[in-house]
Amino acid sequence: MATTPADRSPESTLAFFREGYRFISTRCERYDTDIFTARLLLEPTIFLRGREAAELFYDTERFRRADAAPKRGQRTLTGQGGVQGLDGTAHLDRKAMFMSIMTPSSVARLGRLFADQWRIRLAGWGGSGPVVLRDEVGPLLLRAVCAWAGVPLPESEVGRRNAQMQAMIDGPAALGPRHWRGLRGRLRAERWIADVVERVRIGTLPAPPGSALAVIAEHRDADGRLLPRRVAAVELINVLRPTVAVDRYVVFAALALHDHPAWRDRVRTGDEPTEWFVQEVRRYYPFFPVAFARVRHPFEWRGHHFPKGRRVLLDLYGTNHHPRHWPEPEQFHPERFAGWRDDPYGFVPQGGGSHLGGHRCAGEWITIELMKQAVAMLAGTMDYQVPPQDLALDLSRVPTLPPSGFVLTGVRRAG
């Protein structure tokens with residue numbers, strides 16, 4: 001049996017929070033391995049990185065998701081009782097509910113709604129002084145996804161609801177005030193959406209047929225029961241919140257266009273270069289760092305022992321930057337996606353495995369479509385300048401963004 005390297009620290013939680021996206025890869029490189037053990041959140045944990053490890057990690061016969069993610073993440077980011085923590089037939093049933101609203105025509109419609117919101121806002125940016133892209137995109141995405149999902153959103157509430165979504169996204173990997181804001185944002189958002197669901201169920205709020213609101217409010221499990229009101233709210237937020245989180249990828253796309261200006265012309269030439277560009281942004285820039293699971297039953301893998309119940313973390317960022325799988329992983333090369341055939345284990349910016357039967361993000365196609373729309377806006381629909389500012393990414397902060405939020409000046413419609 002192989003000896004699994006063990007991190008030297010008796011407890012690695014503070015190092016995990018301090019080092020962020022690089023915690024796992026740093027130790028993999030230190031021990032020349034893609035598997036090691038350490039204590040995290042006061043319990044022994046196995047850490048994995050790379051394509052082969054991802055293929056193992058998404059084997060639902062060997063791993064379960066129930067009770068895998070830390071409570072702090074459930075209480076902020078994902079909510080309790082949602083699809084991310086389900087296994088077996090319950091997971092398949094809930095995942096099918098989400099996939100039913102992810103049709104190509106539905107995804108395209110959300111993209112158009114986002115582009116429409118951007119054009120409306122663009123008209124107000126001209127002559128208004130500096131524009132902080134980070135502050136602007138979240139509300140645009142929230143307006144678009146609420147209109148698409150059938151969730152009423154008065155304009156007077158956009159700022160407050162966006163702040164709640166942002167707090168949930170920012171809270172799980174934070175200590176202190178950032179985490180507390182995440183808890184508060186989750187509580188208030190669930191109250192809001194639970195009330196919307198209840199109004200649909202009692203007939204005082206019509207839900208557009210086929211909308212996320214209608215599908216989730218009316219969904220019945222294998223026993224014919226409606227989802228509990230709070231769980232339905234969690235799942236509808238699991239549509240809204242990840243869509244708002246795409247604002248980070250939009251800022252990263254703007255940063256990539258700034259750092260690699262030759263791509264501004266290339267993405268104007270057609271869908272193929274835009275697809276390469278968007279996928280490389282998803283690979284290169286940091287999004288969510290890890291995924292969680294627990295061992296269903298004891299087994300051996302390549303000589304390493306996995307005890308029953310052991311928590312396991314897969315390094316998503318490190319897998320997307322693995323030098324064995326990605327030539328020059330720290331270089332931004334969209335051309336690497338020319339002729340790309342989808343690899344559900346080597347390319348895992350939003351999880352791996354299958355969309356329908358596994359734990360890969362159901363909204364991945366939405367992310368790609370929204371990013372394409374944003375790239376089209378940034379590279380073709382508008383002109384702007386990028387003044388000197390701090391655009392460095394701090395990989396110790398999860399999630400991370402440029403400190404400036406990406407400031408634009410001289411914004412106007414192109415042409």
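In S8, Leu-313 is the bridge partner of Phe-47. Strands S2 (residues 43-48) and S8 (residues 311-315) run parallel and are joined by four bridges; two strands pair if DSSP finds at least two bridges between them. Helices (H or I, at least four residues) and strands (E, at least two) are DSSP runs, numbered from the N terminus. The model is predicted: local features need pLDDT of at least 70, side-chain atom pairs count only at pLDDT 80 or more, and totals for chains, interfaces and linings use all residues. Residues are numbered from 1 along each chain as its sequence is written, and side-chain values use heavy atoms, with hydrogens and water left out.

Both strands belong to an open sheet of five strands with mixed pairing, in the order S1-S2-S8-S5-S3. Its edge strands, S1 (35-40) and S3 (63-64), each pair on one side only.

Arg-94 lies in helix H5 (residues 88-99). Why does Arg-94 count as buried? Its relative accessibility is 11%, and buried means under 20% relative accessible area, with a 1.4 Å probe and protein chains only. The side chain of Arg-94 reaches the backbone oxygen of Gly-81 at 3.2 Å. Beyond neighbours within four places in sequence, Arg-94 is in contact (heavy atoms within 4.5 Å) with residues including Leu-227, Val-231 and Glu-235.

Definitions and conventions: Buried < 20%, exposed > 50% of the residue type's maximum accessible area, 1.4 Å probe, protein only. Polar contact = N/O pair within 3.5 Å; in protein donor to acceptor, adjacent residues only side chain to side chain.
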